[in-house]
Structure formats: structure tokens, C-alpha cells
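Colleague: Hi! Could you walk me through this one before I set anything up?

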Amino acid sequence: MNNSKIWLSSPHMGGNERKFVKEAFDANWVAPLGPNVNGLEQDLENYLENQAFVGALSSGTAAIHLGLILLGVQAGDEVICQSMTFSASANPILYQGATPIFIDSEIDTWNLCPIALEEAIIDRIAKGKTPKAIIAVHLYGVPYKVEEIRVVADKYGIPILEDSAEALGSSYKGQKCGTFGDIGVLSFNGNKIITTSGGGAIVTPTASLKDKAVFYATQSRDNAPHYQHSEIGYNYRMSNICAGIGRGQMEVLDDHVGLRRKMNTFYVDLFKDIAAVTVFTAPNDDYFANYWLSAIVVEPSSEDGINREALRLAFEAANIESRPLWKPMHVQPIFSTYPYYGNKISETLFENGLCLPSGSNLTDVERERIAAVIANFFK
Ligand SMILES: *Cc1c(COP(=O)(O)O)cnc(C)c1O
């Protein structure tokens, strides 16, 4: 039997990526600018609709960092951040010398809880500082409570940095994720829904904000014949080679969203008679999830030895990758001293949650191997 590794989420090329990369070589556009960078930005702007301006960058993390700079975050400021996320959502707060304030998730979307968010804002203001920004994340491609979070943010006049790194192709009430924040962020890392081998983008509501982001991303060079600088610069622009991969990937994005959604349905069917397992799905039809990763929660039972970790090890024994949910930031060693507001919902999810192979390139044979592990584990 073929026992090759089944990955959580691996790159899935569409076919034309090589064509765009070859064009870059043929024209000697092997640089952090060029026709593929402009082309990818145009493709993304068309895809996101809703008057979005896109700047292609070297990573999603770079986009978050520049987003915080554009929102005016400086040393000593406080920035609110969803606790349950990948560390890249929170690290740029520290790059700026600001203080992260972590907020728990709610149980419907696993994202920023609007109630804990407002409690935190009220308390921070009472302690003397109005938070400078709110980082909200669409975890695993399920949109956060877009309207509720916006109401709270507007009530206190705090801008939202929308971390849509996992949610390209997701939407809420027909509007694409990436366009809800005052600044949006996308990632094209190797394991994301589409990849440029490594890369990201910043999404802004105006052309001038995009221009400012690109200015910072290319060393903040002033308009002069010599190299003249009045502000701190960064080397965060995307290479024209990587952007070529991205242009090929944009051609297959919607297909890949469809295939990831099929993987989610596959798990819903597989677990429908297994009471100990709940598959994470969007709360209602307003939420359209790309299901970048399909995730489950396992109700632990000491009687029959069922728990998240035992299931993970059963997959591992079959050479199948699965992974616990993101460990919340407020319990990470690097972040544990910063304030946290909430009721341990994210900690409980972390305890019992598992991400399962979700790639758009999984085969029927691989699905059978996954199903066999599950059938054997829960028999
Ligand atoms: C992947 C990811 C990022 C960072 O993107 P990179 O392109 O890897 O720097 C940020 N936030 C979340 C939620 C992510 O999943």
C-alpha cells in the first residue's frame, strides 16, 4: 500500500505559474518590481472588488507590520489582538514597541469575541490609553463577526487591521474578506490557499494608502536623484518571480476554494455519526468560508481513551499530518505577560481541537486513508 505522507495543506500549482515565471526570466525582470508584481496586484484588485487597492509584499507578516505603521502605531501604544491566531498576527505589535492586549474568541466563528473586545476597550480607556488598533483574524478561512466587531470599533473610533491571511476567497454577505478592515492583509505562504512560494499583500481602501505602503516597503526613498530618506524604510516588496507564481495561482483560486470546501463536506459526512466530534463550520449562510483548513473539536472521554492527542497520534502512525489548533497568544511564553480579556474559550478550543488534511490536491486514495484512520479510531 502507498504510505506516502499526507500533508495538512501543500502547494497546488495550476499550470500557468511557469509561464509567468518564464516571462520574467525572458525579460530579465528578476527584481522586486516588474510586470508580474503589477499584474498580481491588478488580479487581486479585480478579485476583491469593493474598491480595494493592493500592494504585493514579501510576506503577510510584512503586511501586518506596515499596516500597523500606516495606522500610526508607535512605541508605548496598545494594540488589541485576537489571542487565538498564528503568532505572525501579534509579532509586529512588538516590532513597533507597542503592547499587545489579547482578546478571547467566541464559539461561533472561533474569532474575536465582540463582548470581550468591548470590555477590554472600556478597561484600557479607564486605565488611561485608548487602543490604537484592533487586529481581527478570519481563522481557518471562517469570517469573524464582521458587523459586530465593526460596531464596537466605530463606537470607540479604533481602526481595524483585518488579518485575512487565511481567508482569501472567503466572504461575508457577498463581500470578500480582506476588504472589511481599515487595512487588510493577505498571505501567500507555501501552505496557504494560494502561494507565491512566500509572499503577502496589503489591502487598502485608497490609492494613496497603498502608495504609502509601497513607499515604506521600498526603503522609504524620497523623490530625489540621489538616495534621500526622511522616514524609516523596509525591504518588504514582492519579487517579480514570486508574483509570477501568484498570477498563475489566481487563475485557479476559485477552483481551489471549491475543492477545500469539498474537503470540509467530506469531514462533515465522515463525522456525522460520531458524537464525540464536531466539525468546525460557518455559523450560517451569511458566512462563506474558504475552509483553508478543516478543523474538528474532539470531546475527550477518559473511559474509551478518546481525545484530540490520541487521534493526532493515530494519524501520525499512518503518516498523515494533523495539527492542534493555534495555541492562543496569551498562553505563549513570549506573550504571557501581556493583558488578556476573556473566558478561556480559545484555551478550551486549543485543548480539544485538531486541523485535518485540507489541501485542494488531495486524492480519493488519500481520502480513503484518512477515513480508515477515523473509522479504526472511533470503532
Ligand atoms: C500565515 C499567517 C500570517 C503570516 O503570513 P506570512 O505570509 O507567513 O508572513 C499572519 N496571520 C495569520 C493568521 C496567518 O495564518
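This is a predicted model: local features need pLDDT of at least 70, side-chain atom pairs count only at pLDDT 80 or more; totals for chains, interfaces and linings use all residues.

Colleague: Noted. How is the protein divided into domains?

Modeller: There are two: domain 1 covers 17–252 and domain 2 covers 254–377. Their C-alpha centres are 25 Å apart. In the contact, domain 1 takes part with 44 residues and domain 2 with 39 residues.

Colleague: And how much area do domain 1 and domain 2 bury between them?

Modeller: About 3800 Å², with 65% of that on carbon and sulfur atoms. On the domain 1 side, the residues that lose the most area to domain 2 are Phe102, Trp110 and Tyr140, and together they make up 21% of what that side buries.

Colleague: How many salt bridges and polar contacts are there between domain 1 and domain 2?

Modeller: For salt bridges between domain 1 and domain 2, the count is zero. Polar contact is another story: 25 residue pairs between the two domains, with both residues at pLDDT 80 or more.

Colleague: Which helices and strands supply at least two residues each to the domain 1 side?

Modeller: Helix H4 (91–95), strand E3 (99–103), helix H5 (114–126) and strand E6 (171–172). The largest share is from E3, with five residues. Sorted by class, the domain 1 side that touches domain 2 has 23 nonpolar, 12 polar and nine charged residues.

Colleague: OK, on to sheets. What is the strand order in the open sheet of eight?

Modeller: It reads E1-E9-E8-E5-E4-E2-E3-E14, and the pairing is mixed. Strand E1 (53–57) and strand E14 (340–341) are at the edges; each has a single partner strand, so one side of each has no neighbour in the sheet.

Colleague: E3 again! How does E3 run relative to E14, parallel or antiparallel?

Modeller: Parallel, with two bridges joining E3 to E14. Phe102 has Tyr340 of E14 as its bridge partner.

Colleague: Nice. What about the sheet of four strands, which ones are at its edges?

Modeller: That open sheet has the order E10-E12-E15-E13 with antiparallel pairing. Its edge strands are E10 (277–279) and E13 (323–324), each pairing on one side only. Two bridges link E13 with strand E15 (residues 353–356), and these strands run antiparallel. Here Pro324 has Leu354 in E15 as its bridge partner.

Colleague: Great, thanks for the tour!

Technical notes: Residues are numbered from 1 along each chain as its sequence is written. Side-chain values use heavy atoms; hydrogens and water are left out. Domain bounds come from an automatic or database domain assignment. Contact means heavy atoms within 4.5 Å. Buried area is the accessible area (1.4 Å probe) that two parts lose on being put together, summed over both. A salt bridge is a side-chain nitrogen of Lys or Arg within 4 Å of a carboxyl oxygen of Asp or Glu. A polar contact is a pair of N or O atoms within 3.5 Å; within protein, one must be able to donate a hydrogen and the other to accept it, and residues adjacent in sequence count only if both atoms are side-chain atoms. Ala, Val, Leu, Ile, Met, Phe, Trp, Tyr, Cys and Pro count as nonpolar, Asp, Glu, Lys and Arg as charged, and the others, Gly among them, as polar. Two strands pair if DSSP finds at least two bridges between them.
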